[in-house]
Amino acid sequence: MRVLFNDLKRQYVATADTIHDTLTRVASSGWYIMGPEHDAFEREFADYCGLPFAIAVANGTDALELALRCVGCGCEDEVVTAPNAGGYTSTAAILVGATPVYADVDSKTLTLSPDSVAAALSERTKAVVVTHLFGQMGDVDGIRRVIGNRPISVIEDCAQAHGAMANGRRAGALGDLGTFSFYPTKNLGALGDGGAVVCAREDLAEHLRALRQYGWQGRYKSIVPYGRNSRMDEIQAAVLRARLPVLDRWNEERRAIVDCYRAAAENSPLRIVHRPSRSYVGHLCVALHEERDRLREDLARRGIDTAVHYPYLDPHQPAMKTIQWRKVDLTVSEYAVERIVSLPCFPGMSDAEIKYVCETIAACA
Ligand SMILES: Cc1ncc(COP(=O)(O)O)c(C=O)c1O
């Protein structure tokens, strides 16, 4: 049997009728950017997150960059974040002229460790970006505690955690701002690029609306610097509206797949990182194994695709060579990067595929 790492066609097929209606409606409407679908999606997504404001943008990296700008991050400032989250926050921090500073991750969850954040903070820290990595909520409240009353903003990167909950609040509702990507592989994915920033404060929402469109307040009047074009188009907004009502069901499906893998791996050296809880939405099923590369080869020989999220820590990337970052102990991140492996986990996986992956990891791990 062949098991793909992901198969986006299955999500398309599950919502094909609605998507076709949606595409026809938008194409025949004559309004293609920031129209009624866009405005409705902003309202519906804000509601879903339990917040008053969602500002749609062009992608998740723009969402991070505009969020950092919105909280006043620029040259001379530092942005504390995890080193194992794929480089998106580093990219955004560098784009606003700030310096990324890396704090280590918790050994159980592989998300940002509040204790390590405490060691990474400085007089120059303007923001901490907490990535809800793999679909798992990071410890936003713990990080707020170590920040105390210092003037440091907390931004949640929710690109992998649409719908995850912690203490009754959705991802995005715990920090000052929450950023999302709707890249097609995300739990809520478009048919192209898309992103959003969510927040509770009207002044931040106003600032973000200006930043995403040339700094404008209304047409042609520019009120803030560093504005640019980061708009979401009508087709993506309409597709996201069509898929939002099935997001919770898809998240359940993802969690159920991970539960099966966890049970299958129970008596093996493979450790599934995630615990069963609503604070995890199964964006990725990540496990640790001492012989990760050997295991991946064995699974590949048996037709099962795997991946590594992510194979490099941000500070070790060649592109980061010239960035002067303050060194913080990254022992856990350095240990995990050699051992992590992501297993297939996507809505629409068949029972036979799940069973085959379970049997194979039990046999090979
Ligand atoms: C954690 C995280 N943050 C940010 C992004 C950036 O999103 P985008 O690809 O839409 O720019 C991604 C995804 O690709 C991501 O996984």
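Predicted model: local features only at pLDDT ≥ 70, side-chain atom pairs only at ≥ 80, totals over all residues.
**Exercises on the ligand site and the domains**

**Exercise 1.** Identify side chains that make polar contacts with the ligand, taking N or O pairs within 3.5 Å.

*Solution.* Begin with threonine 61: an N or O atom of its side chain is 2.6 Å from a ligand oxygen. Next, glutamine 160 places a polar side-chain atom 2.9 Å from an oxygen atom of the ligand. Finally, a side-chain N or O atom of lysine 186 is 2.9 Å from a ligand oxygen. The ligand taken alone exposes 380 Å², of which the protein buries 92%.

**Exercise 2.** Which pocket corresponds to the space taken by the ligand?

*Solution.* The ligand takes up the space of the largest pocket.

**Exercise 3.** Describe the division of the protein into domains and the contact between them.

*Solution.* Domain 1 covers 8-101 + 111-245, and domain 2 covers 247-364. Over C-alpha atoms, the centres of domain 1 and domain 2 are 24 Å apart. At the contact, 41 residues of domain 1 meet 36 residues of domain 2.

Note on methods: Residues numbered from 1 in each chain as written. Heavy atoms only, no water. Polar contact = N/O pair within 3.5 Å; in protein donor to acceptor, adjacent residues only side chain to side chain. Areas by Shrake-Rupley, 256 points an atom, 1.4 Å probe, with all protein chains shown as cover. 1 Å grid on protein atoms, 1.4 Å probe; cavity = no way out; pocket = protein on both sides within 12 Å on 5 of 7 lines; lining within 4 Å. Sits in = over half its atoms within 2 Å of the grid points. Domains from an automatic or database assignment. Contact = heavy atoms within 4.5 Å.
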